Amino acid sequence: MLRTGKIKKLLFVSVDKSPHCVQVHYIRNELEKMMDLKNVTIENYVVVDNELVEIDNDIISMSKALAKLKKSM
């Protein structure tokens, strides 16, 4: 569907603290490596208490670098 160029917006949504929560959001980076998505708006959200909370891509990237994350805290 993405390759057709008809997709203009892509949302990644997961339940916060679920076993696969962070992994769902990593898919964004993998897709960006495989194809040109500059014309697609991509947003990441987690659900907390039935509310959507937008998560910045920098936060997702930081979650891969646990030592760096520890230093920033």
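Throughout these legends, buried means under 20% relative accessible area, exposed means over 50%, and partly exposed covers what lies in between (1.4 Å probe, protein chains only). The model is predicted, so local features need pLDDT of at least 70 and side-chain atom pairs count only at pLDDT 80 or more, while totals for chains, interfaces and linings use all residues. Residues are numbered from 1 along each chain as its sequence is written, and side-chain values use heavy atoms, with hydrogens and water left out.

**View 1. The buried face of helix H1.** Helices (H or I, at least four residues) and strands (E, at least two) are DSSP runs, numbered from the N terminus. In helix H1, the residues Cys21, His25, Arg28, Asn29 and Leu31 are buried. Seen down the axis of H1, these buried residues fall within an arc of 160°, so they line one face of the helix; the arc is that of the directions from the helix axis to the C-beta atoms. The buried residues of H1 pack against S1, S2 and helix H2 (57-62), where contact means heavy atoms within 4.5 Å. On the other side of H1, Lys33 and Met34 are exposed.

View 2. A salt bridge is a side-chain nitrogen of Lys or Arg within 4 Å of a carboxyl oxygen of Asp or Glu, and a search of the whole structure finds 4 of them. In one, the side chains of Arg28 and Glu32 meet at 3.6 Å, N to O; both residues lie in helix H1, 4 residues apart, about one turn of the helix. Arg28 is buried, with a relative accessible area of 13%, whereas Glu32 is partly exposed at 36%. In another, Glu30 is joined to Lys33, with the closest N and O atoms 3.5 Å apart, and these two residues of H1 are 3 residues apart, again about one turn of the helix. Glu30 is partly exposed, with a relative accessible area of 40%, and Lys33 counts as exposed at 65%. An α-helix has 3.6 residues a turn, so residues three or four places apart point the same way.

**View 3. The salt bridge between Asp36 and Lys38.** The side chains of Asp36 and Lys38 meet in a salt bridge of 3.4 Å, N to O. Asp36 counts as exposed at 56% relative accessibility, and Lys38 likewise counts as exposed, at 68%.

**View 4. Two loop residues with positive phi.** Most residues other than glycine have a negative phi. Lys17, although not a glycine, has a positive phi of about 70°; Lys17 lies in the loop between strand S1 (9-15) and helix H1 (21-34) and is exposed, with a relative accessible area of 78%. Asn50, also not a glycine, has a positive phi of about 65°. The place of Asn50 is in the loop between strand S2 (41-48) and S3, and Asn50 is exposed, with a relative accessible area of 77%.

**View 5. A nonpolar surface patch.** Leu11, Val13 and Leu52 make a nonpolar surface patch of about 270 Å². Patches are made of residues with over 30% relative accessible area and no salt bridge, like charges being joined within 9 Å and nonpolar side chains (Val, Leu, Ile, Met, Phe, Trp, Tyr) within 5 Å. Accessible areas come from the Shrake-Rupley method with a 1.4 Å probe, and for residues only the protein chains shown count as cover. Leu52 is found in strand S3 (residues 51-54) and counts as exposed at 55% relative accessibility.
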